[in-house]
Amino acid sequence: MTTRDWLLADSPTSRWQANAGRAYRVFTALLRNPLSVLGGVIILVLLLTALFAPWIAPFSPTGQSLADRLLPPSGEHWMGTDELGRDIFSRVVWGSQITLTIVLLVALISAPLGLLIGAISGYFGGWVDKILMGFTDIFLSLPKLILALAFVAALGPGINNAIIAIAITSWPAYARIARAETLTIRNAEYISAVQLAGAGPIRVIVQHILPLCTSSMIIRVTLDMAGVILTAAGLGFIGLGAQPPLPEWGAMISRGRTFILDQWWVATMPGFAIIIVSLGFCFLGDGLRDVLDPKSEGKS
Amino acid sequence: MTTDQSALPSPAPGNFAGRRARRRAMAVGGFLITLFLTFLGLLAITFFIGRVIPIDPVLAVVGDRATQAQYDAAKIAMGLDRPLYEQFFTYVVNVFSGDLGRSVSTGRAVADDLSRFFPATFEMATLGILIGVALGVPLGVTAAARQGSWLDQAIRVVGLLGYSVPAFWLGLVGLALFYARLRWVGGPGRLDIFYDGLVSPVTGMILIDSLLAGEIDIFWNAVWHIILPASVLGFFSLAYIARMTRSFMLDQLSQEFVTTARVKGVPEQVVIWRHAFNPIRVPLITVIGLSYAGLLEGSVMIETVFSWPGIGNYLTTALLNADMNAVLGSTLVIGAVFIVINKVSDVLYRVLDPRAR
Amino acid sequence: MSTPLLEVENLRVSFPTHSGRVEVVKGLSFTLGRERLGIVGESGSGKSMTGRSILKLIRKPGEVTADKLRFEGIDILDQNEKQMRAIRGARISMVMQDPKFSLNPVMTVGEQIAEALVTHQKLGRKEVQQRILDMLTAVRINDPERVAKLYPHEVSGGMGQRIMIAMMLIPEPELLIADEPTSALDVSVQAQVLDIIDDLVTRKGMGLILISHDLALVSRYCDRILVMNAGRVVEECAARELDKAQHPYTRGLLAAMPVIDETRDELPVLDRTQWAGT
């Protein structure tokens, strides 16, 4: 039996085989859509760049060389140099680590938080649901960026606080999704069966409800990552996110603002990095949605 | 059988209208209650940000250059010696009576500052949404009508760019290209320096004030300056509106009643606009409302780039000076406008759609 | 009869799929005079596609070919979109399945009927109004003034379908295609709707193509019957000779129909092996 046969088996013999088979099917379906392949490649390149930054970047991201100030893009400095003579390409490469960290941490904080709140709200219903969802709705109807700004202002500037602020403002959307999914699952017969077998709420939620919310969660989180990158860059641009000399892309654009009229590359180049990575997440998210949830195609 | 047995049981006409009115009154009541609760939630959040998160809220308000006397006075003025719920109550009462505290950096009442800065933001965002609607709706409709064509693909790409281009970056690139290189538009600020202060503010919106004063030159100079930032904002609302319009239209064009119209021999333009577009006007209002609210938020970034004297600029300056009262006041005002636009477009939806009546 | 109303020869409709083009109508031929023709078949047999291809309403990427597709001597496949619009509604019309979906939800009933009329005829406002009220009366709606002002969600399914019929017949077409006109309706109003169609079609001397999955219903309201299966015609006969049908598929369908005073415990299931591959 080949690996492929094992993966596509009609009656998998273990949960692990079933999961692997499903992942394989999603993967092959994704490969058929050129845009999602492009998105996947972009994110893969981001990962590799972040991992191998020391080897990829030709110069130090912080090493100043005042003799080489504000050089236009050339064979040596692909994206030119900034006002302190630092190589912009190297800084963009190192900046990928920061972007990746932000994106991962925000996803790791806000998605489980939203998932849990939504699942609890949907599972218990009644007053628990009313209170939790009222809270969620209030958050949802507030402007995210402004709220994040206010949080950072109170917590103090810096990359960690920026991550916390973004996570605080992005969980409500996930809670809504998780609640909706939970409501459809809650009354299913097999949940009653598990309950009759004596499982308590925690066990039902963690083992039987949360796993079923994951696919819609993955789609939404992937699509939201573009927004997270933009918000983080925005905080960096205003000066509340990553602090100098960290090569954060938004902060780099902010530095380049002063020179935008004559040395356009200083502000422009990091912007392209932001756009490409955000587009990558959009493409992949769109592709995932088409594969995992074909019904909602084209919506929102 | 020839009677109307299959029609809805027709109630007495007065009764029917009465029920409709009562339902609408209930909807309005419920609307006001959720609006109030959401606003209270916003206040709770700003209160939390201002009084609970900072280790020393007094320091956050007076700034670290304050003397000990100033510090103590502020502490008592803020009522920090009283319990939290009482502080919150005082806060809510203050906000509803228009007292948002004093800004450390400008030295004026935050409420006064905001009312002076708001018109500039409002003017720019409104022009932005007008651009977004004027271009986004026809583009979305055309894309859906010619699904799969190159135009459709191009509009899809524009739609995705709207989600992945940083607004402040687009503003900078726009300045570098259209102002510095091509000289097509004016630079940062609302007017050229030598026009500044020539028009006395009536509405605070320079386009209107200059026309009121009959200063046509100033009006055109203002247009010259506002067009780039408004277009950048317009791009984002265009991207969103076109994407949503396209998706609504595709949904409608696959409906049976559109085929019905074609069976009747109705021209394609009429099929598209009367049959497919008309039913989506109402959901589009919601989309436009959301987009408008989003522009208020986007203007925070854009105003910094264009040195635009609006709320966004005020907010970012306050953020950098750790001027908490100004930050929370701006958050409150932008948040409140955001909430109102959100909820109003939601209600419009229910009032305007004949199916939801 | 000089030229028949409709001549169809070797009509084929196909759609692209992942595994190449799939034909849903595979070489259909028939002629129609001013008579009532029933097309019967189960879902997926291609009967609805036949109706839509006569109106040239198969949207891309669907494709229609035929050796001959003539309506009163006009070659339908040769007509451009503009010429087709002059035919649609005015000369060939179609009543669709479910009024819940086939009526525009945000236009009043009156507006929708008026549109069908003024698209093809220039008439004064008063005259249009009068024609609408007359037409609504003709489909046995009692208080046409009130109904004309209603939105589709305010009327029942049976009334919706009568409105649909009014809308499709008001420009006085020569051919009416009724695509499953009653399958979305309550059984109690099905006969009423079909009686109205039957009455108006006979009175105005129009041609009718009644598309349905219900053999009994079609045989009651039609002169001639085509039985379709998997894109092909398997049986063509006069309605009153249906019981003499030859093809095993038709026989199977007939056998599966319950009869009053039934003695069978179980209705037979179609045995598809008998004609598979035809």
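Between chain C and chain B of this predicted model, four salt bridges are counted, a salt bridge being a side-chain nitrogen of Lys or Arg within 4 Å of a carboxyl oxygen of Asp or Glu. One of them joins Glu115(C) to Arg274(B), whose closest N and O atoms are 2.4 Å apart. The contact (heavy atoms within 4.5 Å) takes 40 residues from chain C and 30 residues from chain B. The buried area, that is, the accessible area (1.4 Å probe) lost when two parts are put together, summed over both, is about 3000 Å², with 55% coming from carbon and sulfur atoms. Arg85(C), Val106(C) and Glu115(C) supply 18% of the area that chain C buries against chain B, more than any other three residues.

Within chain B, the domain assignment, automatic or from a database, gives domain 1 (14–96) and domain 2 (112–356), and the C-alpha centres of these two domains lie 29 Å apart. In their interface, 13 residues of domain 1 of chain B are in contact with 13 residues of domain 2 of chain B, and the two domains bury about 1300 Å² between them, 80% of it on carbon and sulfur atoms. Across this interface of domain 1 and domain 2 of chain B, the rule finds zero salt bridges.

Residues are numbered from 1 along each chain as its sequence is written, while chains are lettered from A and ligands numbered from 1 in the order in which they are written. For this predicted model, local features need pLDDT of at least 70, side-chain atom pairs count only at pLDDT 80 or more, and totals for chains, interfaces and linings use all residues, while side-chain values use heavy atoms, with hydrogens and water left out.
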